[in-house]
Amino acid sequence: MSSATLLSVENLTMRFGGLTAIDDLSVSVPAGKITAIIGPNGAGKTTFFNCLTGFYKPTTGSVRLVHPKKGEMRLETLTGHRVARDAQVVRTFQNIRLFPKMTVLENLIVAQHNFLQEASRFSIAGIFRLPGYRKAEAEALKTAAHWLDRLGLTGIADVAAGDLPYGTQRRIEIARALCVDPVLLCLDEPAAGLNPRESAELNTLLLSLCREEGIAILLIEHDMSVVMNVSDHICVLNYGRKIAEGTPEEIRNDPQVIKAYLGEDDEETASGGIAA
Amino acid sequence: MSAVIIARHARTPAERFKDAAWVAFIALLLGIPMVGLTTVDEGGALAVHTRFGMLGAFVGASFVGRFIFRWIMDQVRSRRAAKPAVVKVDRTPQAIKVIGWAVLGASIALPIVFSENRYVIDTATTVLIYVMLGWGLNVVVGLAGLLDLGYVAFYAVGAYTYALLFSHFGWTFWEALPVAGAMAATFGILLGYPILRLRGDYLAIVTLGFGEIIRVILVNWTELSNGPNGIGSIPRPTLFGLPFDRNPAEGTQSFATFFGLDFSGMHRIIFLYYLILVLALLTNVFVSRLRKLPVGRAWEALREDEIACKAMGMNVTNVKLSAFAIGAMLGGFAGVFFAARQGFISPESFTFTESATILAIVVLGGMGSQLGVVLAALVLVLLPELGRNFSEYRMLMFGAAMVLIMVWKPGGLLASREPTIRLNKAVTAGGEA
């Protein structure tokens, strides 16, 4: 396993008016590993994600991605959808954002929009169902079927995504992101709302994605049973600053981190959470 | 009106009484101006008379009616609750298919059955224009989820493009049709650009404004559009160059002479009917196909969640603009047909009411449902027609019917959505026609 740097964030600052949500943050994400970003509520984790994935334009700082095929890319210069399309950095959301009325399969097909849209040649090849488009569609279907199978969703492929239970929706969102063919998968609290059995399954899934498919994963998570068990590397944020970084073992014993979780006015993740 | 009791449990008689009393009170408030007072012509002067007896009857009827209505509702509900739940098999896709083919068959057979009845065929033509407009707007509102209150603007652009191309350059219907479609699509993109960032209510307001701008321009730019006087003597479409005239020009043939038929005014009416039927069916096939393509799925995904679309690497700008352009183009085609059918257009035909009617067709039909649009267009055009016997109560009936449909079918007449692709191919069902 290589530990080459996939993504390096340097001196990233994000200000909203007078509020500095992220303050001079430098983080590097190794290729083919799982990196977790943790921190109390309001620490700036999701803002960090938004800066990475083109939803916010950082005030200052740089985000460099070493794309395995396309070479070095500057993510902060790519706008909106281009981070996912060109750089293949794909994210999920803290509050699930599926296409609820569309079926699970359709959700996964929509994720392959750019590939299919190109094959449909401004929809002309698609309207007449020319062989080129049919082939592309079959390929997209195959990709979708692969991930459906992998995440155990095949049986519910033709059900509207919004009608399914919460834990399943979380898995669909991950499957959908995987259909974009990510080099870096950013998961925003994938274990939120999952029961212990489901989070254990999530652990297995994340580990296998990383170890077998070689997809680098960047994870925001409060559930320490997930963070401590799967992460290769953990970065702790508080008030937009990085207060600690290291292996799960190091983080567990870091006095700064314990202070951030216990000493401040945060309620939900107490020491019990850290020790889990 | 919190006093009108909406309870799930069975009501006590006292509750029913209170509920009915409230309804009667509302009926009284409404009834004083509507029923209680009337104007009478007294030798040229108008005088106001009171009709307290009638008002009393009205209020009493409301009270009794509400009381009985609630009682029946309770009976129905308790009976339904007593029944064991039956496992429902969803037969909607098959049913939609059957209804779709039935409607198609009926629409093809209609001019043959009513070949001498001009009124029926004219009304059916109007229905089909609205069906086509509904299918066009369905792309924007039903699929892409962009609330457009100014759709009539594209209809107007199409109609005026044909009228102007004819009056300045002598273009025929068939020559003008693609150009007018392209023109409307261009206007769709022009409207789309400034409102890319808007959604919901704000989008609705801007599109409403756009619709009005086009109309006001048509009224005021007299040199271009001839203002409120409109543009007349627009030629009717021909069948591969064969006009439907009684007396064709020297050396040319008309439809009747070519086929050796006696001239009849009905030929043109029936031809127009079949023409719009073909245009509408082409629209349907086009939109149904698009829906199953990446662009169509992107529209639906956009309706469902714009941010998720972005996170999937989708260029949301292009998706929105394509929806506006395609929707506008279809509206433009319908506009050309409208101009050709009427032979005369003026800005008066393109008021906000038209936009509202088309939107009502889409919403009433069930957002995104192709067959729903057909049923809703039938309801919305035919109800006022059927209501003509009821003279001044026509619109009242119409409104009541709308309210009832929305109460019983809040998602529209056909709210079920057919997936664009299935993993299990064995279960295929289509919602075409």
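1. The expected span of a helix is 1.5 Å times one less than its number of residues. Helices here are DSSP runs of H or I with at least four residues, strands are runs of E with at least two, and both are numbered from the N terminus. Helix α2 (residues 52–82) of chain B has 31 residues, so it should span 45 Å at 1.5 Å a residue. Its end C-alpha atoms are 45 Å apart, which agrees.

2. A word on the source. This is a predicted model, in which local features need pLDDT of at least 70 and side-chain atom pairs count only at pLDDT 80 or more, while totals for chains, interfaces and linings use all residues. Residues are numbered from 1 along each chain as its sequence is written, and chains are lettered from A and ligands numbered from 1 in the order in which they are written.

3. Chain B overall. It has 16 helices and two strands. Its C-alpha atoms fill a box of roughly 80 × 75 × 45 Å along the principal axes. Of its 433 residues, 38% are buried. A residue is buried if 20 or more other C-beta atoms, placed from the backbone, lie within 10 Å of its own, exposed if 12 or fewer do, and partly exposed in between. Among contacts in chain B with a separation of 6 or more, 74% join residues 24 or more positions apart. Two residues are in contact if their C-beta atoms, placed from the backbone, lie within 7 Å.

4. Domains of chain B. Domain 1 covers 13–80 and domain 2 covers 94–408. Such bounds come from an automatic or database domain assignment. The C-alpha centres of the two domains of chain B lie 40 Å apart.

5. Helices α1 and α2 of chain B. In α2(B), F58(B), V59(B) and R66(B) are buried. Their cover includes α1 (13–36) of chain B. The two helices, α1(B) and α2(B), pack at an angle of about 150°, with axes 8 Å apart. Axes are lines fitted to C-alpha atoms, for helices over the stretch in contact, and angles run from 0 to 180 degrees between N-to-C directions. By class, the contact of α1(B) with α2(B) has 16 nonpolar, three polar and four charged residues. Ala, Val, Leu, Ile, Met, Phe, Trp, Tyr, Cys and Pro count as nonpolar, Asp, Glu, Lys and Arg as charged, and the others, Gly among them, as polar.

6. The loop residue S115(B). It sits between α3 (92–113) and α4 (118–143) of chain B. S115(B) is partly exposed, because 15 other C-beta atoms lie within 10 Å. Leaving out residues up to four places away in sequence, S115(B) touches M266(B) and I270(B).

7. Where chain B meets chain A. Here 27 residues of chain B are in contact with 31 residues of chain A. On the chain B side, α10 (265–291), α11 (294–304) and α12 (306–311) each supply at least two residues. The largest share, seven residues, comes from α11(B). This side of chain B divides into 15 nonpolar, four polar and eight charged residues.

8. Domains of chain A. Domain 1 is 1–88 + 182–276, and domain 2 is 97–179. Their C-alpha centres are 27 Å apart. In chain A, 10 residues of domain 1 are in contact with eight residues of domain 2. On the domain 1 side, β7 (184–188) and α8 (196–213) of chain A each supply at least two residues.
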